[in-house]
Amino acid sequence: MNKYFRINKVAFALLVTLTSCVQSGDNESSLVIYSGRQESLVSEIFTEFTNETGIKVEVRYAQSNELAGTIILEGENSPADIFYSQDPVSLSLVASEGLFDNISESTLEKVPSWAVDSNGLWVGVSGRSRSLVVKSSYQLDNGVPNSLYDLNQEKYRGRLGLAPTNSSFITMISCMVYLDGEEKTFEWLKGINNLDYSEYPKNSPQVAAVDAGELEIGLVNHYYTLRFNAENSSNNIVNLYMAEGCGALVMPSGVGVLSTSKNKDAALKLIDFLHSEYAQKAFLNNTYEFPLAKNFDDNSELPSLDSLNSPKNINWEKLSKFQSKAIELIAKAGF
Amino acid sequence: MAFDNLIIRARSVSKSFGKEIILDDFNLDVWNGSIVGILGASGSGKTTVLRLIAGFDRPDEGIIEMRNEIISSNEIFVTPEDRKVGMVFQDYALFPHLNVEKNVAFGLSQNVINEGRLNEVLELCNLFSLRLKFPQELSGGQQQRVALARALAPKPEVILLDEPFTSLDAQMARDLREEVVNLLRSTETTAILVTHDQEEALSVCDVVSVLENGKVIQSATPQDIYLKPVSKKVANSVGDPNILKGYSTNGKVETALGAFSCDLDGALEVSIRPECIKLLIDEKGNYLVKECTFYGHDQVVSFQNSKGEVFRARSLPNTLYQSGDRVSIEISDITIFPSKV
Amino acid sequence: MKTPKSILLVNSSLLLILTSPIFFLLWRVLNFSNIEISEYLSWNLGTLVFNTLSLFVVVVLSSTALGLCVSILTTRYELFGSKLLFTLSVLPLVIPSYIGALTYVSTFSSKGLFVQFFLNSSSNQFSGLSGFIGSWIVLTLFTYPYVLIICTSALRNLDATVEDAARSLGISGFSIYSRVILPRLKQPIIYSGLLVGLYVLSDFGAVSLMNYSTLTKAIYSYYTIDINGDPLIFYSIILIMLSLVISYTQRGGRINYSQKVSGTPRVSKKILLSLKGKLLAYSFFSILITFGLIIPISVLSYWVVKGANGGNLISSVFEGLFGSLTTAVSSSIFAMIIAIPIVVMLSQQNSKLSRFFERILLSLYGLPHIAVGVALLFITIKLIPSIYQTFFTLIFSYVIVFLPQVIGSGKASMEQVKKSYLEASSGLGMNKLKTFTKITFPLIFSGISSGAALVFLSTMKELPQTLLLRPTGFNTLAIDIWSNASEGLYSQASFSSIILLLVSAIPTYILSTGSLKN
C-alpha cells in the first residue's frame, strides 16, 4: 500500500522535473524565429549564424501563411522575434497589422527596390520565380503556355499539379486578382479545378512526382526543381518560365522584426547575416535562389533576373489586400 | 461465565430510513463474556442494530453506551474506527488484494504483531497453514474463519456477527457454529449475533432477544424463550406451536384441545408446542390423524378434531401413524397469553 | 457514503476546465451574425460533411464486418493456431492511421513498390491508392481491431448453452448467427462500431496523406491559410457536434462495466470446419494479416533500408523520440492523478449529479483532436497567453481527450471496491485516509494504471493537437512522420515510424494480454 504512494510521489516528481526541463529551453537570450522556409533549406544558415554570433535560435517551421495568421492572432503576445517568410504577402499582412518594426534605410538599400516593403517594414532576402516544372524530355510542342491562362485548356486535362494551400500559390492567385480582376481569376480557378489536376500539399512533392513520371507539369517555385536535380545528381527535370503574367511572378522571401520582440539587437544581427556573403552564397549555391543582396557570377543553372518577365512594380502591400479574396475564390472554385 | 461488566447498553434507540421505521424504542444489555443473539425475521432491523453499535449508522434517538461510556447519543458520536468493535460481515468482506495473514493483521499495529498476536490468532482459528492464500482461493467456511480471526485479532470489546452462517449449507453451518462458539468461549469474547435462524439463536447464545417491529419483545435465556414465551409472537418465532383461542372463566379455559386451569381471565391464547402433545392410537379417540411427515429423528403428525381444525404433534419415530388413524391426546405443557386485540 | 464537499468542488472545477474548449467554440460561433453563416454554408460545407459522413459509414460497416468475422472465426470455430491468428489480427491496432496511410501511399503510387515489384516499370496509368478508396481501406485496416477486441470479449462471455439449446431445436448454420448469437452481441457491436466511427471522424493524418477532403482536412487547411477567419471555428464546431451526436448514441450501447459473470460461462465446443471451410478461413486470415501487418511493416523496413545511406536518419530521430516520450509519460501521469478524485466520486455515489458528471466526461472521448486543438489555441492566445505554446498546454490538451479512457477503466475497478470493505476497514480502526490508501487505492490502482497505459499509447500516436499546440522547436515522432511523409521523404518518415511502433509496442502488449485473459 505504501508502495503505491511512493510510486505516485516519484511519478509526480518526475513529471514536474520533466516539465520544467522542457520549459527551461525558454531562454531570454534565444532568438525565436518563425520560419516559413523549410527546415531542410535554411537550418544550416541558422546554425552558422549561431556559430558566428553565439546567439541561440529557436525556430518554428511551418507554412508562411500559417505563421502570418498565427502572428496576427497572437498580436502583442507573440513569442516571435523574427518572421522569415517564403512569400511577400504573408509579410505584408503582418506589416499591415502594425506588428513590425521599421527596418533601417541602410538595410533596405541592400536589396533591389522591388524586394522591399513600400513602408519599409520588411526587407527581402532571396528571390524566386514561379515556374513550371517538367521532365527534361518534355516535348515543347505539347504546349509551352505563355501565361497561366493558357493552361486552362482541355489539352492539359490530367497533366497538371498544384499545391493550392501553399503560400506561393496563394500569392500568385492574389497577384491575378490584383492585376486581372476577380472574375477572370475565378473563371481560371474553376477551369483548372475541372481539369483533373493532382493536388499536393507543398512544392517539393510535385517536383519529385514529375521526376518519377507521376506528374507531367507542376506549378512550383523555380528553385525546387534545381535543388532536386542537385540532390539526386540527376538532370531529369527542368524549369519552364512563363512569358508573362502572374505565372512569371518573381517574389522575394523576406524578414521582418516583430515590434514586441525583446531581442531586437539579435534580430537585426540575423537580418545582417542573411544579407551577408555567406548566406547569400548559400542561397545561390545550395538552394538555387536569386541572391538579392550581393552579386555573384551567375550560376549557369539560373537565368538572370533581367531575363525573366515578372510583372513590374508590384506593390506587395496592395497585393496582400487581395489575399483573403484569393483564398475565398480558391475555396469556392472547389479546391 | 463472568457477567460482571455491562459491555454494551442500548437504551430507547430509534432509527428510521425515510418514512420506514426500522427500530423503535430498542433496548439491549450485553454483559461481558456473553453471547447475545438477536432473533428476527428478514427486514426486522437486526442488521441495523449491529450497524448502530458498530457506528456505521447513527441512531435518530436513544443512547448507546460501551462500558458505561456513551458512544452514540444526540450530542456524542464516536466514529467506527475509534470504537473497539469487531464485525464479521454477512459477505465476510475479506480484502481481495491481501492474503489471509495480511487480512487478519489488518487491524493490528506492527508492535502487536511482533509480540506474537497475529500468529496466536492464526493458530487459534486454524488458519496458520492457509495464511499465504488469498480469499478467492478459500472455501466459504475458511473465509468465514478468516473474517472471524480478523475481527478477533485486535481484541475488541465486542464482536458483532451478521448472519454469519446463513450462506453455508446446514451441516457446515452446524460444524462451524460449534467451532465459533468454542472459540468465543475460550477467548472469553463478548459477542452479539444476529440471525433469523431459530436453531442458531437457541443453540449458540446465552441470551436471546426477539426482535419484532423494531422492538425487543422478549430477552431471556434460550430455555425461557422457548418454554416461557411472553407472547404469541415470541412463541411463533422459536418453534411451531399450536395457538388455540379460548375464554377463561372461573380459572378454567376451554380450547379445542381440551380445558386447562389458568390464572388469567378473559379472552386468552393458549400455546401448545407440538412435542408436548402425545398421540395414542385409540379407536375411541376424538381426533383423526391427517398426515404424517417423517424426518428421521422425529415425525410431525397433523391431526384434526371433529370440527376439522388441524393441529400438529411431534413424536419419536417408533410409532407409525397413518392417515385416518383415530387417536387420543395427552398434553404435557402449555403456555397461556392474554389475547391481544 | 456521501462525497465530501472538497472532492465535489475539485471535480466540478475539473469538469468545467476540461469542457472549456467546447464552450469557447460555441461562444465564438454564437457571435457570428446570420449573414456570415449562410456565406460559409455555400463554401462547400455540404461537400465536406458528405465526404466525412460517407467515409464514416463505409469504414464503420467494413471494420465491424471484418472484426466480427475474425472474432467469430477465432472463438467459435476449430482452427489450428487460432490464438496466434487472434493476436496477429489485433496487432494492426498498434499502427497509427497515418503510418498506415504512409505505407499505402508510398507503395501504391506509380513510382511505388507495388509497381516496381509487380509491374516492373513506373507507369503513368496507375492512379495510385488515394482519396476515398485509399482512406476507406487504410482506416478500416487499422481500426477493425477495436471491434475485434470488444466483440471477442463479449462472445467469450456469452453462455454457449443457449446456442446448444438452439441447435437441439434444429436451428443450424447461418440462422444460429442471425437468430441467436448476433442479437445478443448487439450492444458490443454497436458500441465498438461507433467507437471506430468516432476515430474516423477525428482522423486527420490518414485523410491528409490520402488527400481526401473531410472536415478535419478542411479545418487544418483553414488553420494554415486563414487562422483568423471564422470558417476555422465554424467547421470545428460542426465537427464537434457531429462527434457529440455519435458518442451520445454510442452510450446507449455502452457496455455495463459491472456486469460480472457469475461463475464461469460454459464455453461451447468449437465447431469443426470442412477442408474447404478451413482453406477459406486460412486464406481470409492470410489476406487480412498481409494487408494489415505484413505490407505496412515490410514497406517501412524497405524505406528504412533504402535510406540507410544517409546517416542523418538516426540522429534526427532522437529529438522526436524525446518529445514523444516526455509527452506520453507526462500526460499519462497527469491523467492518472486527475482521474483519482473523479473515479472516487463516480463510484461512491450513484446520484443524478454523479451520473451527469459521468455522461459529460465520457462525451469528451470522441472529441476530434483537431477541433480541441483549435479551441485551445484560441483560448491560450486570447485569454491566457502565459501558457500559450507551452508544454503544459500540450499535455492538458491530451488529458482532455484521453481522460475518459482512464476513468472508464478506473471506474470498472472501483466497482470492485465494495462498501463492506470500507466499513470493515474502519471497523478495524482505520480512519478515512488510511482506508483510502490501504483498501480503495490499491484496488483501483490496477484499473487506473491500465487506463494510464492507454493514455500513454494514445499520446504517442497523437498528431493534430500536437501540430497546433506544441512549443516552438518541440517535436514528436508523430510530427516528424507526418511532415516527412507529406513532403515525400519516405525514408525518414519510415524510420521514425518504426521507432514509434517499437516504443508503443510495450504498453500495447500489456493491454492486449489483459484483454486476451478476459
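Confidence was examined for chain A. The mean pLDDT of chain A is 84, and 88% of its residues score at least 70. Within this chain, the highest confidence falls in strand β3(A), residues 82-85, at 95. The lowest falls in helix α1(A), residues 2-23, where the mean is 53. Over residues 1-6 of chain A, pLDDT stays under 50. For residues 1-6 of chain A, the model has seven contacts beyond four places in sequence. Where pLDDT is low, the predicted coordinates should not be read in detail.

Chain B contains an open sheet of four strands, with the order β2-β1-β4-β5 and antiparallel pairing. Its edges are formed by β2(B), residues 20-31, and β5(B), residues 69-72, each of which pairs on one side only. From one strand to the next, the twist averages 25 degrees. The pairing of β2(B) with β1(B), residues 6-17, is antiparallel and extends over eight bridges. In this pairing, V13(B) is placed opposite F26(B) of β2(B).

Helix α16(C) spans residues 369-383 and helix α17(C) spans residues 391-414. Their axes come within 10 Å and cross at roughly 140 degrees. The two helices are therefore oblique to each other, the limit for a roughly antiparallel arrangement being over 145 degrees. The crossing of α16(C) past α17(C) is right-handed. On the side of α16(C), the residues that meet α17(C) are H369(C), V372(C), G373(C), L376(C) and T380(C). The residues they meet in α17(C) are T393(C), S397(C), I400(C) and V401(C). By class, this contact has four nonpolar and five polar residues, and no charged ones.

Chains B and C also touch. The contact takes 15 residues from chain B and 14 residues from chain C. On the side of chain C, the elements that give two or more residues are α18(C), residues 419-427, and α19(C), residues 432-461. Helix α18(C) provides the largest share of that side, with six residues. By class, the side of chain C that touches chain B has seven nonpolar, five polar and two charged residues.

Terms used. Residues numbered from 1 in each chain as written. Chains lettered and ligands numbered in written order. Predicted model: local features only at pLDDT ≥ 70, side-chain atom pairs only at ≥ 80, totals over all residues. Pairing = 2+ DSSP bridges. Axes fitted to C-alpha atoms, helices over the stretch in contact; angles between N-to-C directions. Contact = placed C-beta atoms within 7 Å. Nonpolar A, V, L, I, M, F, W, Y, C, P; charged D, E, K, R; others polar. pLDDT = per-residue confidence, 0-100. Parallel < 35°, antiparallel > 145°, perpendicular 65-115°, else oblique. Left-handed = near helix turned anticlockwise from the far one by under 90°.
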